[in-house]
Amino acid sequence: MARPRNADVLKGYRDRLAASKKWRETEKYDKLWCLLVDMYRGKQYDDMSDADRMVVNVAFATVNVIGPSVSVNHPKITVMARKPEDQDRAIITEAVINYWWRHFGMQSSFKRAVKDFLVVGHGWIKTGYRFVEVQKQTADTASAPTDEGEGYDGGGDDYADPRPDSTVEANTVITEDRPFGERVSPHDIYVDPMGTCMDDIGWIAQRIRRSVKAVKADKRYLKAARDKVMSGSYAKYDGEDSYSKEDYREKKDAVGGYVDVWEFYDLRRRVVCTFCDTTDEKDALFLIPPKEVPFAFGHPFVMIRNYEVPEHFYPIGDLEALEPLQRELNETRTQMLNHRKRYQRKWLFREESFDPKGRSALESDEDNTMVPVVGNEPLTNVMMPIPAIPIPPDFYQQSELIEQDIDRISGVSEYQRGGMPEVRRTATEAAMMQDAANARSADKLAIVEGFIAVIASRLVALAQEMLTGDQVVRVVGQNGAVDWLNFDREWIKGEFDFEVEAGSTQPNNESFRRQSALQMMDACAPLIGAGVINLPKLAQHVLREGFGITNPESFVDATGMAGMTPMMPPPGPAGPGGAPGGPPDASGGPPMPTGPGGPPPGQEPIAPGQGGNIDPKVLAMLGTKNGLSVPNLPQGPGY
């Protein structure tokens, strides 16, 4: 079969994009997304008005209750080797990916994608590899031309292999050599309209808006294609800004306007290409011709999906179901506002009974003002109040009913919003309600953690394939000691599974963490006498995890605990090679002393596992306090 011409391939790709644009326009997806964004930022009326309007932005409150509960902290990514020989590399890889997440600003892009996930219903992160090198400004290179022309607004090639084996000239400095992840607007990603999820789409494309001058100066593009690039008028997002009379992107700037560049991934053929859609179809050329996708995992886009809709590609967000209730709440509060404005005292009066002085006194807001009346008319005939039309009391309860509906649909309770309910509840009832509300939050947290794990796996895969030279990573030890480790891509080679430590992205609850540490201390108390608990380690864990102390070893005596004596075997006559007071232990350990520190005279010692050397009264008290029974307590004289 003959190989298709590039012009035919490009026409086919443009036809696919046109079909996807038509599908989104028919379903009004872009208009809906813009409507939800306006709803979040408080722009909730379709037109401007001179009348007073009230906006109670429950949408803003709902998103900002759910968002911090799942993405406020840096995640703790764990890496597990799939093969035994990769176990050592998994430890290094875990330190590397957690350091990159913080050092390369992944958290900010991730939080923006989560905001899209909550407001619009889905978010996008694009992963890639950035390799940028610049020439040193020396006497020989100061006048040498650079690769990037004047007006170039792009970075290095986001998907080209930097060829680690190639030599780098002495006057070249590598400024960036790392994987990256950045948030992409939902409006700028187009997919196959026949797909229902990310697993069955045939292609995916990203729209990149750039200036014409920058496109013409970008040396990565073919010169013949760059010369034909023209400034084009591009349709704004449908319903993008209901308050803007014109799209600011349609204005031409001094450098010659802007153009849409498409990065198109054909997933069936596993090729990627770049082209512009403003050139004439007969003269159209690829800016970058189709070539094999350089990523082992396929296209670089990771999608986080909110509530799935059967047989539909795009999911729905938390605000889409609240939109009619939000509008009803605004309308109700606006009516209440207008009613309060109308509730003003008004009077009927006979005009000829008041001269200008009396009318001025009547309209005055000063206390104890004398109002002169002209004529001998009875005062009851001169003035009377206008009766106010009362409003039903149920009208003011509509707002509460709407807010209850919003809480029911969103799954956000008054406790999560930080409010106190009017109905007093017991601690058990409050805990049950919180557990029910946490079920939906746990589902969102699982989606977010899976999203992070996929991004982390792709960043490591990119580094395994394209990392050049040596890199450095900050390693933090268990006790907070900081060290720096040099590594290259061989140190992170291997097959790994990536997971996010449960709850690591949630806000830290100091009271809950401290209470959990103390409960662990209480639960371990009956086991202390059995000799199965390492007390220094337990104390260090409680201080570190419960109270946030980074150096707990400075507070704990690692050799033992004060007042505790090591457990020894029963005393007996000194055997061969044994010290006075008792025979050596069966395992070869030291003999049990009979002097200070040993059992009282006439008392049988406690064997290991039968209560240790703690006073049995203390053990009994601990068992009673924790509701546990302490087995094998010694019985006999002296107790």
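The model is predicted, so local features were considered only at pLDDT of at least 70 and side-chain atom pairs only at pLDDT 80 or more, while totals for chains, interfaces and linings use all residues. Residues are numbered from 1 along each chain as its sequence is written, and side-chain values rest on heavy atoms, with hydrogens and water left out.

In E7, Val272 is the residue opposite Tyr265.

The hairpin of E6 and E7 has 4 residues between the strands. Arg270 is found in this loop, and its phi is positive, at about 60 degrees, although Arg270 is not a glycine. For context, most residues other than glycine have a negative phi. Arg270 counts as partly exposed because its relative accessible area is 39%.

Strand E7 (residues 271-276) contains Phe275, which counts as buried because its relative accessibility is 0%. Contacts of Phe275 (heavy atoms within 4.5 Å), leaving aside residues up to four places away in sequence, include Leu10, Tyr13, Arg14 and Leu17. Among the other residues that Phe275 touches are Asp260, Val261, Trp262 and Phe264, together with Leu285, Phe286 and Leu287. The C-alpha atoms of Phe275 and Phe286 are separated by 4.8 Å, with the two residues 11 apart along the chain.

Turning to the helices, H1 covers residues 6-27, and Lys28 lies in the loop between H1 and H2. Lys28 has a positive phi of about 60 degrees without being a glycine. With a relative accessible area of 48%, Lys28 is therefore classed as partly exposed. Helix H2 (residues 29-40) comprises 12 residues and reaches 17 Å from its first C-alpha to its last, close to the expected 16 Å; the expected span is 1.5 Å times one less than the number of residues. Buried positions in H2 are Tyr29, Asp30, Trp33, Cys34, Leu36, Asp38, Met39 and Tyr40. Just after H2, Gly42 takes a positive phi of about 95 degrees.

The structure holds 21 salt bridges, each defined as a side-chain nitrogen of Lys or Arg within 4 Å of a carboxyl oxygen of Asp or Glu. One of these joins the side chains of Lys126 and Glu263, at 3.2 Å from N to O. Lys126 lies in strand E2 (residues 122-135) and Glu263 in E6, so the pair ties together parts that are 137 residues apart in sequence. Both partners count as buried, Lys126 at 3% relative accessibility and Glu263 at 6%.

Another salt bridge brings together the side chains of Glu308 and Arg305, at 2.6 Å from N to O; Arg305 is buried, with a relative accessible area of 12%. In helix H8 (residues 323-342), Glu323 and Arg327 are 4 residues apart, about one turn of the helix. Their side chains meet in a salt bridge of 2.4 Å, N to O, and Arg327 counts as partly exposed at 29% relative accessibility. Salt bridges that share partners also join Arg210, Asp218 and Arg220 into one network.

Finally, the surface carries a nonpolar patch formed by Val472, Val476, Val482 and Trp484, with about 370 Å² of accessible area together. Strands E12 (471-476) and E13 (482-487) are the elements that give two or more residues to this patch, and Val476 has its place in E12. Patches are made of residues with over 30% relative accessible area and no salt bridge, with like charges joined within 9 Å and nonpolar side chains (Val, Leu, Ile, Met, Phe, Trp, Tyr) within 5 Å. Accessible areas come from the Shrake-Rupley method with a 1.4 Å probe, and for residues only the protein chains shown count as cover.

Technical notes. Buried < 20%, exposed > 50% of the residue type's maximum accessible area, 1.4 Å probe, protein only. Pairing = 2+ DSSP bridges.
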